[in-house]
Amino acid sequence: MNNETDDKLMAQAAQLSTEITPERDLWPDIEAAIEAPRRRSSWTPYLAQAAAIVLLVGASSSITYVMTKGGANVSPVIPTMGLDAEFTSFGSSYELGQGFQNARNNLAAQMDLELDRLSPDVRAEVEENLAVIRSAIIEINSALEDEPNNVLLQDLLLKTYREELTVMRKVGGLTQHVMSRNDI
Amino acid sequence: MAALLTAETSDYSQEMVTAPQPAISQEAAWIRRAQRSDSRAFEKLYRMHIDKVYGLCLRMTGNVAEAEDCAQDAFIQAWNKLSKFRGESAFATWLHRIAVNAVLGRMRKSKREQDRIQIASEISPAPASIGDSGNLRDLSDAVDRLPEGARHVFVLSGIYGYSHEEASNLLGIAVGTSKAQLHRARRLLSQQLTEQGFEA
């Protein structure tokens, strides 16, 4: 094998297709695999609730810690995550009040502005904790679809929404009261 | 040869990093939504990257069924690990690493599994030449027939333009091993193609 042939071989190899379309759509199987844990009806209520509470307590403590310890360094940041309508549901049987949604959206908008004032590390911490809370909201909502009348789950969801508002309020340094169940 | 590989080094990564800005920002938005467990956003990411991931899996396994399984595994793993994606590398690069691990994971499962894959490859030759024509198709078929180690290095270095450092890192082998496997692959390919009257 001489160098010229070798170089030509490698040049040809570099021309081979790097993108190949599968013969069938693989998404349905992938979707089934990633959605399966969410749809599982055999979820263990107490374990799931306990896990969610642990997550929330951890998130809240962490937020409090970073907010009291973290500096307010000004640094350029990218826009933060937005709120999706799907988060403001309450299982499949209830809708959250418009007042709650408005308050939530306002808090989120103000929090976005305030996040710009945080250092990247603190901001990342806040966003990560919010992501945990929002994942918990999705999980609890999913569980409520299976058991819409589960009072424990309803209360847990309410507390989780409240926790989210508390975090946003802390970040924003706002003074609005956290919504109570009567507001919803 | 070294010069050729050096020239190609990271071209693929660069290509991904320097993708059109709107596509990147759209992708970033989908990633953020998927990180919040939005499977519809993840489907967008799947549609955007499946050809790259499947192409890599098919080149590495040389078998359609295995490539499909590996690509599926890769996206499922990506979904499970998405919260850990910090954007330190391009999303496509991150996915590529997961796909390579998915392929290697399946290969390492057991000797029996490897034998099964080998038999499956023989029964159902991979149409990895999809999109390739003429001499390229011959080369593609010849790559499929390479021994596993040589094929993996050749695919990553020769086709996808990874450097030996990157390829060895992805494959979990020493840089020297990567170089040796590439040399072996070139020699075997040259022999195969010469026998077929291939003109590079």
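**Entry 1: the model.** I note that this is a predicted model, in which local features need pLDDT of at least 70, side-chain atom pairs count only at pLDDT 80 or more, and totals for chains, interfaces and linings use all residues. Residues are numbered from 1 along each chain as its sequence is written, while chains are lettered from A and ligands numbered from 1 in the order in which they are written.

**Entry 2: confidence.** I looked up the scores of the model and found ipTM 0.77 and pTM 0.55.

**Entry 3: chain A.** I found six helices and two strands in chain A; helices (H or I, at least four residues) and strands (E, at least two) are DSSP runs, numbered from the N terminus. Their order along the sequence is α-α-α-β-β-α-α-α. Of the contacts in chain A between residues at least 6 apart in sequence, 77% join residues at least 24 apart.

**Entry 4: where the chains meet.** I saw that 32 residues of chain A are in contact with 39 residues of chain B. On the side of chain A that touches chain B, α1 (3-15), α2 (27-39) and α5 (120-146) each supply at least two residues. The largest share, ten residues, comes from α1(A).

Methods:
Contact = placed C-beta atoms within 7 Å.
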